[in-house]
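Subject: Structure handover

Hello,

Here is the structure I promised to pass on. Please open it first, then read my notes below.

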Amino acid sequence: MATRKPQILFIGYGHLAKSLLSSNLLKNYHIHYINSKNSIFYVKDKKTPKKLDYNYDYIFLLIRPDVFKKIGKDFLIFTENNPTIISCMAGISINSISQTLNSKKVIRIMPNVMAKKSLSQTYVYSKNKKLLNSNFKNLIKSFGSVIFANNEDDINVATAVFGSGPAFIAHIINSYMIAAKKISHKSKIKDIELIELFQNVLALNNNSRELEKFVMSIASKKGTTQAGVNYLKSQNINKMISTTLDRAYKRAKEIGNEKKSPK
Ligand SMILES: NC(=O)c1ccc[n+]([C@@H]2O[C@H](COP(=O)([O-])OP(=O)(O)OC[C@H]3O[C@@H](n4cnc5c(N)ncnc54)[C@H](OP(=O)(O)O)[C@@H]3O)[C@@H](O)[C@H]2O)c1
């Protein structure tokens, strides 16, 4: 007899929700979603299920934090089967989710949009460690690698570094690409050459120390590299990146403390 696939409901079906649909997840789980139109659909064929018994094993919270604060209680109807609630929302604490959805089975995770290709590094935190069982671990492994956090604030850190991080990194790489193409307007450097340059630097360096030595090995005194590196240092690029992460981290904490906006 075929075993029943675990049933999942995605509450919210925006950027992150769609990015969680890795081939593993689609193959091994039965997934419904609900968006702001308030009807339920199958992820696979976008049809409305004939029978709705709300028999979910897992509920993913994939709405924006302000929406949850405003109408979180509306989702109580989906918790009849006492599902494990997996929140991907930035900032909203386990306590607040537990209270709103009247459940002790709450896990916070912080994946990123690379989950679709199973390349997310997903941070996980739960007060109740029993929830982090092998079924849950298998589920989260569909998104890529998993890191178990020791305290809830680590999820705020992960929100900045791993959740928003891919956007910061893409922005920095793209700045380099735009600048390289600008100074090469006659020879026209191609995007792929620049992407390979980034990939190759990463292929040769595995940690911060190696990267530092790598810079030194290229930057000979009074040479071209040193001219560029000196400028980067004079503009305090370290501080700029540090402030970028700090702003995202503070924003994650702030979201948790913000009052409900009026309906
Ligand atoms: N984007 C990321 O990379 C990322 C990474 C880590 C964590 N997160 C977290 O993931 C959450 C979602 O982010 P997102 O970027 O995916 O946002 P998004 O693209 O704006 O998607 C939000 C979704 O929520 C739905 N929604 C709004 N009101 C609803 C309601 N009353 N009932 C049911 N669904 C409703 C929207 O429906 P419609 O489509 O009908 O408007 C939309 O599908 C946020 O809490 C964020 O902190 C995001």
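**Loops, helices and the ligand shell**

K188 is found in the loop between α7 (165-183) and α8 (191-204). Keep in mind that this is a predicted model. K188 is not a glycine, yet its phi is positive, near 55°.

N38 sits in the loop that links β2 (30-34) and β3 (40-42). N38 has 7 other C-beta atoms within 10 Å, so it is exposed.

N102 is another residue to look at. N102 comes after α4, and its phi is positive, near 50°.

Now to α4 itself. Which residues of helix α4 (residues 94-101) are buried? They are I97, T100 and L101. These residues lie on the same side of α4, because they cover an arc of only 80° around the axis. Their cover includes two strands, β5 (84-87) and β6 (106-110).

Next, the whole chain. The protein chain has 263 residues, and 25% of them count as buried. It holds eleven helices and eight strands. Along the principal axes, its C-alpha atoms fill a box of roughly 70 × 40 × 35 Å. Take the contacts between residues at least 6 apart in sequence: 61% of these join residues at least 24 apart.

The chain is divided into two parts. Domain 1 covers 7-150, and domain 2 covers 165-252. How many Å separate their centres? The figure is 35 Å, taken over C-alpha atoms.

L211 is worth a stop. This residue lies in helix α9 (residues 208-218). L211 counts as partly exposed, because it has 14 C-beta neighbours inside 10 Å. That count falls between the two cut-offs: 20 or more for buried, 12 or fewer for exposed. V146 is 65 residues away from L211 along the chain, and 25 Å separate their C-alpha atoms.

On to the core. In soluble globular proteins, nonpolar side chains tend to be buried together. Here the largest nonpolar core has 45 residues. Which residues have the most contacts inside this core? They are F10, I59, F60, L61 and L62. I looked at L61 in detail. Setting aside neighbours within four places in sequence, L61 is in contact with I11, F68, I85, S87, C88 and M89.

Last, the ligand. The ligand is surrounded by 24 residues. Which of them are the closest? G12, G14, N35, S36 and A90 are. Two helices, α1 (15-19) and α3 (65-71), each give at least two residues to this shell. By type, the shell residues are 15 nonpolar, seven polar and two charged.

- The ligand, with G12, G14, N35, S36 and A90 as the closest residues.
- Helix α4, with I97, T100 and L101 as its buried residues.

Best wishes

Notes
Residues are numbered from 1 along each chain as its sequence is written. A residue is near a molecule or strand if its C-beta atom, placed from the backbone, lies within 6 Å of it. Helices (H or I, at least four residues) and strands (E, at least two) are DSSP runs, numbered from the N terminus. Ala, Val, Leu, Ile, Met, Phe, Trp, Tyr, Cys and Pro count as nonpolar, Asp, Glu, Lys and Arg as charged, and the others, Gly among them, as polar. Domain bounds come from an automatic or database domain assignment. A nonpolar core is a set of buried Ala, Val, Leu, Ile, Met, Phe, Trp, Tyr and Cys residues joined through C-beta atoms within 7 Å. Two residues are in contact if their C-beta atoms, placed from the backbone, lie within 7 Å. The arc is that of the directions from the helix axis to the C-beta atoms.
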